[in-house]
Amino acid sequence: MSARLPVLSPPRWPRLLLLLLLLLGAAPGPRRSGAFYLPGLAPVNFCDEEKKSDECKAEIELFVNRLDSVESVLPYEYTAFDFCQASEGKRPSENLGQVLFGERIEPSPYKFTFNKEDTCKLVCTKTYHTEKAEDKQKLEFLKKSMLLNYQHHWIVDNMPVTWCYDVEDGQRFCNPGFPIGCYITDKGHAKDACVINSEFHERDTFYIFNHVDIKIYYHVVETGSMGARLVAAKLEPKSFKHTHVDKPDCSGPPMDISNKASGEIKIAYTYSVSFKEDDKIRWASRWDYILESMPHTHIQWFSIMNSLVIVLFLSGMVAMIMLRTLHKDIARYNQMDSTEDAQEEFGWKLVHGDIFRPPRKGMLLSVFLGSGTQILIMTFVTLFFACLGFLSPANRGALMTCAVVLWVLLGTPAGYVAARFYKSFGGEKWKTNVLLTSFLCPGIVFADFFIMNLILWGEGSSAAIPFGTLVAILALWFCISVPLTFIGAYFGFKKNAIEHPVRTNQIPRQIPEQSFYTKPLPGIVMGGILPFGCIFIQLFFILNSIWSHQMYYMFGFLFLVFIILVITCSEATILLCYFHLCAEDYHWQWRSFLTSGFTAVYFLIYAIHYFFSKLQITGTASTILYFGYTMIMVLIFFLFTGTIGFFACFWFVTKIYSVVKVD
């Protein structure tokens, strides 16, 4: 299909590498520990109608999720379209993460009985009169969504119903969604899924997939008495203009809707279902076949190797500075006893009386550090849980829920860090500091998020957060996060200011003329390149999962990259900090924050490149939404990387000046 990204073949790795993959959390399915299942749901047993009991169900329910497209950022609920609706059925409750991501799971009219096969069963018939304004509007919405390649997402037993088809190089790609239909342009060009059938050839015509062949795979539980467990659900979308709409036989030409069509149009929705036993797939690894067909691990290993080379290079540089240069410097400085020698001081020791001079805009820096600490701890804990398998794709919305809850609960370290550093910078407006820590960065994110939500509301998208959820998020922020920030700030201000190893002179030292390389801007711009080099391949997969609706499950790799990013940011900042101190420039606080924080600017440039080169997004609303959400990610990433850089530099500066004898 033309709109797909190229699918890469899974490599045949040695067993040792596969074992390492499992340890890294790249195995996505629920993990079993005795009779305890991680994550999400315990298995459900199914059996024939006559054998059903409390432990064994016969009816298989099919749920429908929101419909989305790679050509639009706006997802829509199933009920927004004129498809067959469920007459009754309990709607599953969504968690916070699912609501924030716009997932809307609803019951469907498709109901099956285990091991009972149906052929060409009618679900419902939809009739449209092109003269009626309401019918015409429904039909136009359907056409528009086929033009933008909107995809259904169906769920059986908490598992996506997949459409598997052959792609280049004889590979098979399993898509956890299937299109509503497709379009043949007025020049006869087949768009998207229209390439699968040679009968789709009429110009300026839409073909709707009104029939699905569903095949459900199961394996019988070893004990025998417990029934069977579903291990896969696959479908093939088809299009039929049924000869007899009231008694469909799934024959005849495809169901076409011409742009020039007038009068009455009838669309009959049908399905066929069959069952097949498959003892090779275990219930715990039933997601594997979907994930194996996705762009896979050899790119990830390349990414890790590339990042490790950068880390080794930086570690070598830092080690050389620490062991050789600094060791020599410290030994030489400490041997200078005579006043004549003292007058010949040079390098970083010269600025010892100014190194801990409070920075300009110390209030803002301390607030950024507080928010950055909050994000840093949140990211670490979330990725750690994801590695253990708690937040796999089977557990929908868990990742986002975990991140939001952690962020809310981590108000205390944010308040503490902001207050502690603000006090060490000599600040006295503690009320302003704690209020800014509580409201500045979260306020910017919420304002951006709210504007995006207004656009989604206006477009009628399912991704629009309901008013009740917005109130709940505000309640979490104001009633839990803000009080916790105040508690953290209280303890931060109560403690004595951070003791520095050297005293600060009353008169600031004049900074000599700097060369081009030691000026602030070139250093800051250079500092962000290496950390970005470590993450950009992983960034491609993350952006794919957000905007191209591909599953992201390689949290083991992501956790490794996160650790590598922390090390790289720290080492790059320490290196540049040392060079600036040797050039007698003691303004290190803001520079260290901005040096590693500049990685976020490269992230923004990459996101713009990704938008124009990889996505087929059309429409003003979708473009605004893409860049609106990207700005939230960039701000969070800026605070996160900047904080790492500052802490690394603070530790380095404290360490080197504590071992030098100063008069």
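**Exercise 1.** How many aromatic pairs does the count come to?

Solution. This is a predicted model, where local features need pLDDT of at least 70, side-chain atom pairs count only at pLDDT 80 or more, and totals for chains, interfaces and linings use all residues. Residues are numbered from 1 along each chain as its sequence is written, and side-chain values use heavy atoms, with hydrogens and water left out. Rings of Phe, Tyr and Trp (its six-membered ring) pair if their centres lie within 6.5 Å; planes under 30 degrees apart are stacked, over 60 edge-to-face, the rest tilted. The count is 65 aromatic pairs.

**Exercise 2.** Classify the pair Trp163 and Tyr165.

Solution. The centres are 4.6 Å apart. The planes make 50°, and the pair is tilted. Both Trp163 and Tyr165 are buried (under 20% relative accessible area; exposed is over 50%, partly exposed in between; 1.4 Å probe, protein chains only).

**Exercise 3.** Where does Asn149 lie, and is Asn149 buried or exposed?

Solution. Asn149 is in the loop between α3 (133-147) and β8 (151-152). Its phi is positive, near 60°. Asn149 is buried, at 3% relative accessible area.

Conventions:
Helices (H or I, at least four residues) and strands (E, at least two) are DSSP runs, numbered from the N terminus.
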